[in-house]
Amino acid sequence: MIQLKSMLNCIDNSGAALVECVQVLGKKRPATVGDKIVVVIQKQRSLGHDLSAAAQAAVKVRRGDISHAVVVRTRKEYGRADGSYIRFDDNACVLINKSGDPLGTRLSGVVGRELKKKKWSKILSLAPAYV
């Protein structure tokens, strides 16, 4: 259950490490896996001491930027159609652009299977596994 002011880990390589949810799009309820949200980047991923031109170009977002994201893991357990319940260790998201494509080129960590049902196939193709 992701709602206003919820903090999420960003699991792509877009440059963000920690984001804060400021709005859930398309629902009046809290967001679950596969839902689109609006986030503010709170913490930027560190790339080391010396930032070369190539490293600076790889950073797609900065601290304070507003972006759209898709929730891929939630700490709150939720039920599936087969009767099983699943819960992840953290809340996590993937940043996307206006057309729905992921900003990053890699994902670190598993994502929920509900993304397949909600037509986020580009995120699923980047993920190492889905549960």
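I count a disulfide as a pair of cysteine sulfur atoms within 2.5 Å. With that cut-off I searched the whole structure and found zero disulfides.

**Ground rules.** I am working on a predicted model, so local features need pLDDT of at least 70, side-chain atom pairs count only at pLDDT 80 or more, and totals for chains, interfaces and linings use all residues. Residues are numbered from 1 along each chain as its sequence is written, and side-chain values use heavy atoms, with hydrogens and water left out.

**Cysteines.** I went to Cys21 first. Its sulfur has its closest cysteine sulfur in Cys93, 9.0 Å away, which is too far for a bond. Cys93 is in no disulfide either; the nearest cysteine sulfur to it belongs to Cys10, at 4.9 Å. I then checked burial. My scale is relative accessible area: buried is under 20%, exposed is over 50%, and partly exposed is in between (1.4 Å probe, protein chains only). Cys21 is buried at 0%. Cys93 is buried as well, with a relative accessible area of 0%.

**Overall build.** I listed the secondary structure next. Helices (H or I, at least four residues) and strands (E, at least two) are DSSP runs, numbered from the N terminus. The protein has three helices and seven strands. Along the sequence they follow the pattern β-β-β-α-β-β-β-β-α-α. The radius of gyration is 15 Å, close to the 14 Å that the globule rule gives for 131 residues, so the protein is as compact as a globular protein of that length. I take that radius over C-alpha atoms, and the rule is 2.2 Å times the number of residues to the power 0.38. The C-alpha atoms fill a box of roughly 50 × 30 × 30 Å along the principal axes.

Of the 131 residues, 43% count as buried. I also looked at contacts (heavy atoms within 4.5 Å). Among contacts with a separation of 6 or more, 53% join residues 24 or more positions apart. The protein exposes about 7,600 Å², and carbon and sulfur atoms supply 51% of that area. Areas come from the Shrake-Rupley method with a 1.4 Å probe; for residues, only the protein chains shown count as cover.

I traced the strand pairing. Two strands pair if DSSP finds at least two bridges between them. Strands of a sheet pair through backbone hydrogen bonds, either parallel or antiparallel. Here five strands make a closed barrel in the order 1-2-3-4-7, with mixed pairing. The twist averages 55 degrees from one strand to the next. For that angle, axes are lines fitted to C-alpha atoms (for helices, over the stretch in contact), and angles run from 0 to 180 degrees between N-to-C directions.

I stayed on strand 1. Strand 1 pairs with strand 2 in the antiparallel sense over three bridges. In that pairing, Asn9 has Leu18 of strand 2 as its bridge partner. The two strands form a hairpin with five residues between them, and Gly15 in the turn has a positive phi of about 120 degrees.

Strand 1 also pairs with strand 7 (residues 92-96), in the parallel sense, over two bridges. Cys10 has Cys93 of strand 7 as its bridge partner.

Strand 3 (residues 36-44) and strand 4 (residues 66-73) are antiparallel, with five bridges. Val39 stands opposite Ser67 in strand 4.

**Positive phi.** I checked two lysines. Lys5 has a positive phi of about 75 degrees although it is not a glycine. Lys5 sits in the segment before strand 1 (7-10) and is exposed at 57%. Lys119 has a phi near 65 degrees, again positive in a residue other than glycine. Lys119 is in the loop between helix 2 (114-117) and helix 3 (121-126), and is exposed at 69%.

**Two loop residues.** Lys28 is in the loop between strand 2 (16-24) and strand 3. Lys28 is exposed, at 87%. Its C-alpha is 9.9 Å from that of Gln3, 25 residues apart along the chain. Leu47 is in the loop between strand 3 and helix 1 (53-58). Leu47 is partly exposed, at 45%. The C-alpha atoms of Leu47 and Val72 are also 25 residues apart along the chain, separated by 24 Å.
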